[in-house]
Each structure stands twice: as structure tokens, then as C-alpha cells.
Amino acid sequence: MSKYLIIVESLAKAKIIEKYLGKDYKVKSCYGHVRDLHPKRLSVDIENGFVPTYEIPPDKKDVIAELKTAAADSEHVWLATDEDREGEAISWHLKVALKLEDKHTSRITFNEITKPAILEAIKKPRKVNEDLVNAQQARRVLDRLVGFELSPLLWKKVMPALSAGRVQSVATRMVVDRERDIESFKRESSFRIVGEFTTSEDKTVSAELPTRPEDEAAAHDFLDTCRVACFSVKSIETKPGQKSPSPPFTTSTLQQESSRKLGFSVSQTMTVAQKLYEEGKITYMRTDSVNLSATALEETKELIITRFGDTYSKPRQYKTRTKGAQEAHEAIRPTDPSQSAFDGDRSMVRLYDLIWKRTITSQMANARLEKTTARIGISTREEEFIARGEVVIFDGFLKVYEVSVDDEQQEGEKGLLPVMTVDESLALQHMTARQRFTQPPPRYTEASLVKNMEEQGIGRPATYAQTISTIQKREYVTREDRPGYERHYRVLTLGSDDISSATEVEITGAEKAKLFPTDIGEIVNDFLVEQFNRIMDYGFTASVEEEFDEIALGRIAWPVMIAKFYNPFHESIITATERADKATGERLLGVDPASELPVFARLGRRGPMVQIGEYNTENKPRFSSLQDGQNIRTISLDQALDLLKLPRDLGVYNEEPVSVGSGRYGPYVRYGEKYLSIDTETDDPLEIDLVRAIALIAEDHKKREERLIKTFPENPSVQVLNGKFGPYISIDGKNVRIPKDQTPISLTLDECLELATKSKPGRSQRRSRRKR
DNA sequence: CAGTGAGCGAGCTTCCGCTTGACTT
């Protein structure tokens, strides 16, 4: 029995702290929040001061029971949850759920897991800060009210099972707005003029004209006047320059960098980082702070000096400037900076390498550069060419790491300029005027969307990955690759004497793993923006955060703040419920020439679809859902009519009718009572004929055979199959797991039946049983 | 995951922010 119990939020943290303290201390984890509102009920008493009803979620019962026992065995309990609003609330919930008495309970905090920090914290116990807890309750209740009143409105006005919330709806809006910026972007072109010259020492120097003629005629005119011109160096200027390293990683910057450099998705980054954390290789990965502990600073400094020398060391403490940052943890860094690499899982090794380098470089000296600018005069014109060179004279942090940039690489590599002197005349080799186009704003990647969310203070490190996945799961946003298209551009070249021109081709607009809004996303977004302007405003979170801060300072009571928000909000809900039309995004595509019926595209109960005919005419309308890659806003009448050609009868095979249709799960071939999905990558449902359909049926048959490991002639309802998770037994459509010590191929019928009777119901079956 | 339709309409869906294992049949 230990005298003291310390409760922290994370298991790995508990283990570390336990090591630091003597055997008088037991350190346990509560695994995050231990009480919450019911997942399906509102659990907020709106009439009576918004009083929330909290309960212990089923998966937390064991944790609470264990902590209760541990608390009963201890003289004193230290609530050491994170030093932020949520952490304070967790401590309060723990106190209530564990029925801890004031005199046996203290609240302590530390924002770095080092021995001195913890010992210091224990010396400064305090009470749970009720005001801060109230700020958290306000946050929780507001999110619940917004989510649970907006979502049902969408079920009525748009489509069932949709969702809306303070964070996800604004994140979706960012993607929609960006897409519209891109659509309305007016592409302009101009001519970039570059000359290549030879110096007196027979070296080549490339220089660009700082102004760009707007059209080909002007570019031609410029080149024409250069034909007879002499060129000479007007001035050479050398200036020192610097580059500084980036601050250590936070969750958001780690996600960005690992997306750019490793191509990881946001959730992949978090999974790998979690593993590194659990293995003790890095500090906590959900953080908004760029702060490094004193020990980390010291160790890093030492390492840099030993490895690279004194001149490379420049200890720095960075300041967190992110909106709403709570800084309950350190920045993400290696726990042991002297370990620069290790053997193991490739993803872990690569992510660790990124973290190690970022941490080390953040403590290294700036790189020093020498930037040279040479201006080259033209005898026949006023303008001057400019040649730029850049040399690194001291590499500093660049020795270890170079930051990558999101946007397209700048044109033209910079290097050292050849030696030139003022007034030196230069011989023109050739000059080109190349048509260049302005770029629309870039589409978001998962990581750059997180970056933007963070800048607006929307979402938290613990939820970025979750939010990104929610808006994709709801099909508001899709992550896709898009092929580029060919673009022609003009190039004029001034050679030794004459000007030639040509049209060249480049590929542009290709996208990889970018976020696009879907029809549903746009329709939901437009509906919400129209009806709930305040919540959909990018600044909404920031503005309510200010009020939460007021609550945390004890200046206003949280139910007062919530009432002030809720009353007008609820009014808009009522107005929208009564007055707003259903939002379907309906578009009239035209009239079918054959039947003279109108054709529409709109959002149906099961997603985007096309419709021919109307309900008020004698014939019922027919429907077809859109295929992947088709949009309500862009589909043409012909494409819609093609879709409406389904289902098509193809003929008869083995006395069974064969047809092609399109259902809720996409296009399919129907053969008798069997359906098989068509892969639109390889087949077009409108092109498939009976021969191809029969081939697909045969293919499917073969696949089914391959899945089959074993059958029993005496009982055909029992099969041993190979599934997604390995071999299993199927009995009358019921699936049974095979224990690890059994070989699937050698199972007998009796063994299968026995396993079936003994098998424990899985999670889904247990749930349905409880329902009954 | 299993399944392939749409003026029936019962009963369902939903938020954000803290945490990790379950373990898919």
C-alpha cells in the first residue's frame, strides 16, 4: 500500500512519473475524460439553467472502479491532470466520480514531465479551480446544444444522418470557400523575359526582367529592341542575409511537415506518433506549445556542441503565438536527443527523424548568406535585367535540415553568380519571353486545412485528425487526386539575330491528395451559412473563447453566457424549421428530346441523383444516382440521360436474366437473384454487353471459389472461408471465429459445429441482444 | 458490412475534447 495516489491523464505519463517518485507514490492514469453527457440524449436541462447531466461512459466504469480502490488505499490523492481547461474539468469530474474529500485531495499541475518539474508541483498543491471548470462546462454545453439542434434540422431539410457542429461545419466551409475562390479565379498571363549572357571570363549568367509584358505583342516589341542592343553591368550589390530555423513541432506543424515530407495523412501521423510516445521515444504528441523544457534545452545544446561545435549552437526558447493555445504540454521532441535514430518500423523511424531534426535545428545558429544582385543595362531601353545569386557562407542549422515549402517551388534556382565588374559588357547568348500564368489559391491538403483551422483557433490538437475524418465520413469533403490538363503557352526566342516563336505545352492543375467539397458539402454549407451566419463565421470560435475566458476569470456565470447565446440561436432554429425550403441543390438540366420530360439533378434522401419527369404528371418520375466523379453542379443533360438508361436488360445466361443497374452502392450486374458490383475503373455500366457481363460473372464465381477453404458435402450450409481478417467458419450466414491454435484446412464438420456453439457472441451480436 | 431504391414512413441519425486498447467473423 502506497501513501499517495497521483492521477494523470495518460498511461505513458503515469509510468514515467512513477519512476521519478519513491515507493510512497502510486501513479495511475484516468485515460482522459471520465464523465460526459449521454451520447444520444441531450442531457442539458435548458429550462433550468442549462444544468448538464453527466454519466460515466461504459468503457470508463472499470477505470473508475480501479481508481476508487486505489484512492481508498491512499492517504492523499493528487489530481495531476493537464494544466488546461479540459484537464481542470477532468480533475473535477474525478473528484466527484471518486467521491474524494477536500481534505484528502489536492490539485497539482506541471507542463513538462521532468523530475524537478514534478517535485516542484507537489510542493504547490491547490484546490480545483471552479471557474475554469465552469468555462469547460460552458464549452461542453455550447457544443452539445449547437450539434444537437443543428444536426436534426439538417435531417429534415437536407438528408438524414448528417451532422453539424461548431468545428466541423466551419472546417467544411473552408474547403467550400476555397473551391469557389478557385472557380472564380481569373487566370491572367504575362511574359517572363530571361536573358542568358556571357561574361568576359566566358561564364554564363542568367538574368530576368523584373517587369513582365502583358501580351505577346509587347513581349515581341521588347525582344525586337534588344536585337541591336548592347548589354553591360550597371551595378553589383552584395548584401548579407540570414535564414532562421523553425520552432519545434506542435501537433499541427508535425502533421504539416509529415504530410509534405513523408506523404502521411493526418491520422497516420498521429498513429505513428502515438506509438513513438508509448515507446518513450518522444514527448506527448497532442500539444499546441513550442516550449522546450530546461533539461531538453541543455541536452540539445550539449549535443550540438559535441557534434558540430560551439558556433552551431544557439539555444532559443520559442513563443507560442497560436490563437487559444493552452500550452499544457511541451513541444513534441525526442525524450533523448542523443538518440538520433533507431532500428524498427519504417514509418516510426522516418517520423522520429523528422522530430529529431526539427528539435535539434531549432537550437542551432542561423544560416548566413550572401545575396548578390547585379543589374544589367540595355543600351536601347530604360529597363534593366536583374541577376540574383545567393551563397551560403555559414550553413548553421541547414547542416541538419531544410524546411520544405507548401506552395510551388520558386522558379529558377539561385546559386553563385560568376565574377563580373561594373561597366563590363556582356554578350547576349539568347533571350526568351515565356508566357506564364497566375495561379489560383491552392486547394487544401488535410494538413494545410489543419493549419488554417489552428490559425483561426478552431479545434484542438486532440481532435484535428478526428475532425478531418468526420467531414470526409459525412461526405462533405473528399480527398482526391485529379489529373492535370494540357495548357498551351507561347515562347518567343531572340537568337543570334532573329526572333522565333513557338507554342509549347505544359501539364497544369494536377492535384494529389487534395480536399474537394462534395455536392452534399456545398448544399449543407450554403444552407447553414444562410441560416446560421454567426456560427458559420470563421471568427465564431474565437469570439466564444473570449467569453469562456471571462467565465474562467470568474467575471460571468456560465449559464448566463450560454443563455445569451442560446436564446437567439434557438430562435433561428425555429425560424429555419418553419420557413426554410428543403435544400436539394436542384438544377433543371433540360428536356429529354425523346420523351419531352424535364430532367433534374438534385440531392435525394440517399445522395446526389438525377430525375426524369415530375410527380404531378401521369407517369411516375424515374431516378438514378450519380456516379463517382459526377456532380450536381456540373453534370450535363446527356450524362444524366445516360444514367437514366439504367437498368438495361442484357439477355439471358444459363436461363437467368442478366441486367445492368445502378443502386445505392454504385453500378452492378444482376444475374438472377445475384448482384455483383462493377468497378467503374475497368468497366462502364453503359457499355457492358452480355459477353462482358458473363465474363464478370465467371470472375466473381472464381473469386468465391478462392475464398473457399473447405466445404462439407454432408452439410453444405457449413463452409470454411478466407475473409478480410483471415479464415473463418460460415454457418447459415452466421460467422464464427477460428481459434489461433487450429489449422483451418484440417477442421472437421463436428469441430466446426462445436466451435459455433461455443463461440462467444462478438460485439455487434452482444449489442443487438442487449437491445432486445 | 452487406447490400442494390426513391411522393407509405417507424425509427434511426447528431456535438467537441480528453484518452487507449479492442480485435473485427
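Which residue forms a salt bridge with glutamate 506? Look for arginine 487, whose closest N and O atoms are 3.0 Å apart from those of glutamate 506. This is a predicted model, in which local features need pLDDT of at least 70, side-chain atom pairs count only at pLDDT 80 or more, and totals for chains, interfaces and linings use all residues. Residues are numbered from 1 along each chain as its sequence is written, chains are lettered from A and ligands numbered from 1 in the order in which they are written, and side-chain values use heavy atoms, with hydrogens and water left out.

**View 1. Glutamate 506 and arginine 487 form a salt bridge.** A salt bridge here is a side-chain nitrogen of Lys or Arg within 4 Å of a carboxyl oxygen of Asp or Glu. Glutamate 506 sits in strand β17 (residues 499-508) and arginine 487 in strand β16, so the pair ties together parts that are 19 residues apart in sequence. Helices (H or I, at least four residues) and strands (E, at least two) are DSSP runs, numbered from the N terminus. Both glutamate 506 and arginine 487 are buried. Buried means under 20% relative accessible area, exposed means over 50%, and partly exposed is in between (1.4 Å probe, protein chains only).

**View 2. Glutamate 216 meets arginine 490 in a salt bridge.** Their side chains come to 2.8 Å, N to O. Glutamate 216 belongs to helix α7 (residues 216-226) and arginine 490 to strand β16 (residues 485-494), so this pair ties together parts that are 274 residues apart in sequence. Glutamate 216 is partly exposed at 26% relative accessible area, and arginine 490 is partly exposed too, at 23%. By the salt-bridge rule, the count for the model comes to 43.

**View 3. Glutamate 522 pairs with arginine 633.** The closest N and O atoms of this salt bridge are 2.9 Å apart. Glutamate 522 is in helix α14, while arginine 633 is in the loop between β22 (622-625) and α18 (637-643), so the link joins parts that are 111 residues apart in sequence. Glutamate 522 counts as buried at 9% relative accessibility, whereas arginine 633 is partly exposed at 41%. Zoom out a bit and you'll find a network of salt bridges linking Arg180, Glu183, Glu522, Asp526 and Arg633.

**View 4. Histidine 93 is buried in the model.** You'll find histidine 93 in helix α3 (residues 85-97), with a relative accessibility of 1%. Its side chain makes a polar contact with the side chain of arginine 35, at 3.0 Å. A polar contact is a pair of N or O atoms within 3.5 Å; within protein, one must be able to donate a hydrogen and the other to accept it, and residues adjacent in sequence count only if both atoms are side-chain atoms. Not counting residues up to four places away in sequence, histidine 93 touches His33, Val34, Arg35 and Tyr54, where contact means heavy atoms within 4.5 Å.

**View 5. Leucine 351 is buried, in helix α11.** This helix covers residues 346-362, and leucine 351 has a relative accessible area of 0%. Leaving aside neighbours within four places in sequence, leucine 351 is in contact with Leu254, Ser258, Leu262, Thr269, Val272, Ala273 and Leu276. For a sense of scale, the C-alpha atoms of leucine 351 and proline 647 are separated by 50 Å.
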